[in-house]
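Subject: Structure handover

Hello,

Here is the structure I promised to pass on. Please open it alongside this email and follow the residues as you read.

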Amino acid sequence: MTAHAETLPRVNAGAQIAALAFAMLFPTLGTWLYFVALAGHESMRAGYTVAKLVQFFFPAIWVLLVLGQRPRWASPRKRDLLAGAAFGGVVCAGMLALYFGVFAGGDYAAQFREALRAKLADFGTTTPFTFFALAAFYSLIHSLLEEYYWRWFVFGQLRGVVSLGWAVALSSLAFMAHHVLVVSIYVDDWTVRALLSAAVAIGGAVWAVMYHRSGSLYGPWAGHLLIDAGIMAVGGHLAFGAA
């Protein structure tokens, strides 16, 4: 998915920086709202829906209506898909090997399982079938939406106001931030939290560089999809396949 844009009159630098600051901070605020503040409440799913709608509609509204840019989407290239899939496949395989080879069946997994089941219940996900539907959505669709948001919009817009290195770093750290909240729900150990959060930031940086070099979201999406599928496989085993 390569974005080419016809640029029309743009807003001033201050407004652009404010929009980027909002885009980098809002996902963390939204995650705190539905994942922490509304946990266990009936309004949790409504909060989740509103937060996601705001997050994913904001870039389109800003680019199309405020910046006056007209994206045109190109076909993916095989080499981009292969590069993204190779990265995602290696990470996914390592994650599954670590889980099934070290953690599955242990005390750490048991502690994680209860928190996971409680959170799935908040989403109305209480059966293997509903979990499979949730896993398919996150792996196939949500991963693409996140690439559109973090790489195409946040990273892509940051390249216009800071250097490439800073654009990679800032977009990846912002991408990591809301994952820190999610990880904190399940993991008490600060060392493990830091390692998992750093892994998310590194993944974001890799995908930003892939997008910068290729101009295509399909490579990053392929990697993101496989990693999310691996995470969901672990979650499904914990919630429904483990004792």
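Predicted model: local features only at pLDDT ≥ 70, side-chain atom pairs only at ≥ 80, totals over all residues.

The α5/α6 pair

Start with helix α5, residues 128-158, and helix α6, residues 164-186. They pack at an angle of about 145°. Their axes are 9 Å apart. The crossing of α5 past α6 is right-handed.

Which residues of α5 meet α6? They are E146, W150, R151, V154, F155 and L158. On the α6 side, the partners are L164, A167, V168, L170, S171, A174, F175, H178 and H179. Sorted by class, this contact has 10 nonpolar, 3 polar and 2 charged residues.

Helix α6 by itself

Next, check the length of α6. It has 23 residues, so at 1.5 Å a residue it should span 33 Å. Its end C-alpha atoms are 34 Å apart, which agrees with that figure. There is also a bend in α6, of about 25°, at H178.

Which residues of α6 are buried? The list is A167, V168, S171, S172, A174, F175, M176, H178, H179, V183 and Y186. What do they pack against? The buried residues of α6 pack against α1 (13-37), α4 (107-122), α5, α7 (190-214) and α8 (218-241).

An α-helix has 3.6 residues a turn, so residues three or four places apart point the same way.

Take H178 first. Is H178 buried or exposed? Its relative accessible area is 6%, under the 20% cut-off, so H178 counts as buried. Setting aside residues up to four places away in sequence, H178 touches P27, T28, T31, E146 and W150. Two of these, E146 and W150, belong to the α5 side of the α5/α6 contact. H178 is also where α6 bends.

Now A167, also in α6. A167 has a relative accessible area of 0%, so it is buried. Residues up to four places away aside, A167 touches F155, L158, R159 and V162. F155 and L158 are among the α5 residues that meet α6. A167 and A205 are 38 residues apart in sequence. In space, their C-alpha atoms are 9.4 Å apart.

A residue of α2

Q55 sits in helix α2, residues 44-66. With a relative accessible area of 4%, Q55 is buried. What does Q55 contact beyond its neighbours within four places in sequence? The contacts are F26, P27, Y149 and W150.

W190 is in helix α7. W190 is exposed, with a relative accessible area of 65%. From W190 to H237 there are 47 residues along the chain, and their C-alpha atoms are separated by 24 Å.

How accessible is V206? Its relative accessible area is 25%, so V206 is partly exposed. V206 and S143 are 63 residues apart along the chain. Their C-alpha atoms are separated by 15 Å.

For a quick tour, open the α5/α6 contact, then H178 at the bend in α6, then Q55 in α2.

Best wishes

Methods:
Residues numbered from 1 in each chain as written. Heavy atoms only, no water. Axes fitted to C-alpha atoms, helices over the stretch in contact; angles between N-to-C directions. Helix = DSSP H or I, 4+ residues; strand = E, 2+ residues; numbered from the N terminus. Left-handed = near helix turned anticlockwise from the far one by under 90°. Contact = heavy atoms within 4.5 Å. Nonpolar A, V, L, I, M, F, W, Y, C, P; charged D, E, K, R; others polar. Expected span 1.5 Å × (residues − 1). Bend = angle between axes of the 7 residues up to and from the residue. Buried < 20%, exposed > 50% of the residue type's maximum accessible area, 1.4 Å probe, protein only.
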